[in-house]
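Here is a short report for a first look. Keep the sequence and the structure side by side while reading.

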Amino acid sequence: MTESCHAWTAEPSSWVARFAGLIAPGGTVLDLACGHGRHARFLEAGGWRVTAVDRDATALAGLAGHAGIEAVEADLETGAWPLGGRRFDGIVVANYLHRPLFPRLIEALEDGGVLLYETFMLGNERFGRPSNPDFLLRPNELLEAFAGRLNVVAFEQGEVARPKPAMVQRLCAVRGTGPILLP
Ligand SMILES: C[S@@+](CC[C@H](N)C(=O)[O-])C[C@H]1O[C@@H](n2cnc3c(N)ncnc32)[C@H](O)[C@@H]1O
């Protein structure tokens, strides 16, 4: 995603906060395109060990000193995938879209691992940025991208009022078929 974007809040997304409890306690979580790390910080506080990736070194610098967060500076859209064959108990992607990474996300999930994905969809251009259709999900796109390979726990799409008006899509999906206690 090349359209500029800034964290609009230090609070974790309500979607991430709701479903984070499905991630194995004390397990590993990848916060992809973490920005200033609102989710990395939230997850660290919850006892998870976080790997936070972004290309913005200035944003990552704010995570220095967090013992539970490994900050990785990398461009996710050029060159090699920066995490090799590592797998995680959870992956969080918020307000970032680079479709070629979808298969990577599935591969990088441990068995039982949880994908929490939330980003903007078509219609968001009414509210501001991102407005480039390349960076806006099509209707049902997250569901269709992951439903064949992951067990979809929850999916929703539509307009939200907070933290500011936006059109979003949200997915929680698990690698594996074990029972899920809905939070
Ligand atoms: C809107 S911010 C979202 C930050 C965070 N996920 C959140 O929800 O608060 C988008 C982030 O994606 C990062 N980003 C955009 N393109 C990237 C790329 N090619 N490689 C790595 N990070 C990228 C930006 O640096 C920025 O921190």
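## About the model

This is a predicted model, in which local features need pLDDT of at least 70, side-chain atom pairs count only at pLDDT 80 or more, and totals for chains, interfaces and linings use all residues. Residues are numbered from 1 along each chain as its sequence is written, and side-chain values use heavy atoms, with hydrogens and water left out.

## Residue L30

L30 sits in strand β1, residues 28-32. Strands here are DSSP runs of E, at least two residues, numbered from the N terminus. L30 is buried, at 0% relative accessible area. Buried means under 20% relative accessible area, with a 1.4 Å probe and protein chains only.

Beyond its neighbours within four places in sequence, L30 has contacts that include T51, V53, W81 and F88. Contact means heavy atoms within 4.5 Å. W48 is 18 residues from L30 in sequence, and the two C-alpha atoms are 10.0 Å apart.

## The ligand

There are 16 residues around the ligand, each with a heavy atom within 4 Å of it. A33, R38, D54, D75 and A94 come nearest. The shell divides into 8 nonpolar, 2 polar and 6 charged residues. Asp, Glu, Lys and Arg count as charged; Ala, Val, Leu, Ile, Met, Phe, Trp, Tyr, Cys and Pro count as nonpolar; the others, Gly among them, count as polar.

A polar side-chain atom of D54 lies 2.6 Å from a ligand oxygen atom. For D75, a polar side-chain atom is 2.8 Å from a ligand nitrogen atom. Alone, the ligand exposes 590 Å², and the protein buries 94% of that. These areas come from the Shrake-Rupley method with a 1.4 Å probe.

How values were computed
Helices (H or I, at least four residues) and strands (E, at least two) are DSSP runs, numbered from the N terminus. Buried means under 20% relative accessible area, exposed over 50%, partly exposed in between (1.4 Å probe, protein chains only). A polar contact is a pair of N or O atoms within 3.5 Å; within protein, one must be able to donate a hydrogen and the other to accept it, and residues adjacent in sequence count only if both atoms are side-chain atoms.
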